[in-house]
Amino acid sequence: RIQSSEGEEVPHYETLGVNGSRCMVIRSDADGWWNISHRYLVSVKQGDVLRVTAQIWNGSESGRAGLEVAAYDEKRNVLKWNYWSKRSSTRSRFETITLQFSIPEEVSFIRLRLAGQGRGEFRFDDIRFELIDARVGAAS
């Protein structure tokens with residue numbers, strides 16, 4: 001179960017981010033996997049190059065947190081929930097995580113996911129999702 005402090009809804013925002021900014025805070029009291037997914041599917045074309053960057057703070061002794069991108073086919077069926085992923089490797093300080101990838105032929109839509117596993121507090125700040133290079137002739 002993902003919980004928030006004082007009964008507030010998840011995701012919860014607090015001024016615990018980089019340089020005191022507001023950031024997303026996840027508090028988990030379970031050992032299992034959890035994720036927060038963006039609500040929209042993003043249409044992509046084969047050959048598009050995208051980059052996701054975030055500041056991630058992992059306050060768990062044994063848990064993990066990171067970025068994931070789920071991939072969907074042209075009928076919006078999930079191909080894989082973590083088609084691309086990268087985890088934070090530090091504890092109790094912010095780390096910049098960058099995930100850059102190119103879209104293969106079978107992927108028509110993607111969705112950003114913030115994911116983790118385990119008990120503890122996890123923070124996500126300054127999340128950026130960028131189209132680095134659009135396929136020639138594709139609308140961006």
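The protein has eleven strands and zero helices, where helices (H or I, at least four residues) and strands (E, at least two) are DSSP runs numbered from the N terminus. Along the sequence the pattern is therefore β-β-β-β-β-β-β-β-β-β-β. This is a predicted model, in which local features need pLDDT of at least 70 and side-chain atom pairs count only at pLDDT 80 or more, while totals for chains, interfaces and linings use all residues. Residues are numbered from 1 along each chain as its sequence is written, and side-chain values use heavy atoms, with hydrogens and water left out.

Of the 140 residues in the protein, 43% are buried; buried means under 20% relative accessible area, exposed over 50%, and partly exposed in between (1.4 Å probe, protein chains only). The accessible surface comes to about 7,900 Å², of which 42% belongs to carbon and sulfur atoms; the areas come from the Shrake-Rupley method with a 1.4 Å probe, and for residues only the protein chains shown count as cover. Contact means heavy atoms within 4.5 Å. Among contacts between residues at least 6 apart in sequence, 71% join residues at least 24 apart.

The structure holds eight salt bridges, each a side-chain nitrogen of Lys or Arg within 4 Å of a carboxyl oxygen of Asp or Glu. One of them joins Glu14 and Arg27, with the closest N and O atoms 2.9 Å apart. Glu14 lies in strand β2 (residues 12-14) and Arg27 in strand β3 (residues 23-28), so this pair ties together parts that are 13 residues apart in sequence. Arg27 also forms a salt bridge with Glu121, again with the closest N and O atoms 2.9 Å apart. Because Glu121 lies in strand β11 (residues 120-133) and Arg27 in strand β3, that pair ties together parts 94 residues apart in sequence. Glu121 in turn meets Arg123 in a salt bridge (2.8 Å, N to O), and both Glu121 and Arg123 are buried. Through shared partners, Glu14, Arg27, Glu121 and Arg123 are joined into one network.

What does Arg123 lie over? Arg123 lies over the face of Trp57, at 3.7 Å from the ring centre. A charge sits over a ring if NZ of Lys or CZ of Arg is within 6 Å of the ring centre and within 35 degrees of the ring normal. The charged end of Arg76 likewise sits over the ring of Phe109, 4.4 Å from its centre. Arg76 lies in the loop between β7 (64-72) and β8 (78-87), and its phi is near 70 degrees, a positive value in a residue other than glycine.

A search of the whole structure finds five aromatic pairs. Rings of Phe, Tyr and Trp (its six-membered ring) pair if their centres lie within 6.5 Å; planes under 30 degrees apart count as stacked, over 60 as edge-to-face and the rest as tilted. The rings of Trp34 and Phe122 have centres 5.2 Å apart and planes at 50 degrees, so the pair is tilted. Trp84 and Phe101 form a stacked pair, 4.3 Å centre to centre with 20 degrees between the planes.
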